[in-house]
Amino acid sequence: MQTPLDRTTKYISAVREFMTVQGHATNAMVLGHLQATYPDISATTVHRITARLYERGELQLAPSGAANVLRYDANLATHDHFMCDVCGMLRDAQLGDLVRPAIENAIGRDCSISGSLTVSGICKQCHKEGA
Ligand SMILES: [Zn+2]
Ligand SMILES: [Zn+2]
């Protein structure tokens with residue numbers, strides 16, 4: 001007999017594993033993946049697990065994109081992103097020390113960039129499909 005606790009533990013490790021492979025994912029993506037293995041898992045359970053991992057500092061929030069859906073990031077280091085405006089694809093990027101001072105100069109005096117940067121554009125895949 002499995003206790004609900006065993007099941008939750010199993011779900012949590014499945015979510016962790018998926019996020020590690022995926023990098024960035026919404027709750028809907030996590031749910032879709034887990035349902036392949038655990039057809040009974042509910043959206044509420046997935047929401048609870050990702051929220052708990054976020055509270056524990058095992059996940060951080062990624063830029064949400066045009067759809068404005070909450071998206072989690074398994075990469076806990078401070079990093080920048082490239083985001084596709086068309087499909088919402090998100091990729092980790094490191095914009096580097098040369099870029100920040102240039103952007104700060106453009107923004108104006110007394111302003112400094114404290115967080116990570118998200119650069120938007122069109123990804124390779126969408127370029128191809130648009131051609
Ligand atoms: Zn795209
Ligand atoms: Zn990221």
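## The zinc site

A donor here is an N, O or S atom within 2.8 Å of the metal (3.2 Å for Na, K and Ca), and since water is not among the atoms, sites may look incomplete. This is a predicted model, where local features need pLDDT of at least 70, side-chain atom pairs count only at pLDDT 80 or more, and totals for chains, interfaces and linings use all residues. Residues are numbered from 1 along each chain as its sequence is written, chains are lettered from A and ligands numbered from 1 in the order in which they are written, and side-chain values use heavy atoms, with hydrogens and water left out.

So what holds the zinc ion (ligand 1)? Its protein donors are the SG atoms of Cys 84, Cys 87, Cys 123 and Cys 126, sitting 2.2 to 2.4 Å away. Along the sequence, these donor residues follow the spacing C-x2-C-x35-C-x2-C.

Cys 84 counts as buried because its relative accessibility is 2%, while Cys 87, at 46%, counts as partly exposed. The cut-offs are under 20% relative accessible area for buried and over 50% for exposed, with partly exposed in between (1.4 Å probe, protein chains only).

## The sheet

Strands are DSSP runs of E, at least two residues long, numbered from the N terminus, and two of them pair if DSSP finds at least two bridges between them. An open sheet of 3 strands runs in the order S5-S4-S6, with mixed pairing. Strand S5 (90-93) and strand S6 (118-121) are at the edges with a single partner strand each, so one side of each has no neighbour in the sheet.

Strand S4 (residues 80-84) runs parallel to S6, joined by 4 bridges. Across from His 81 you'll find Thr 118 in S6.
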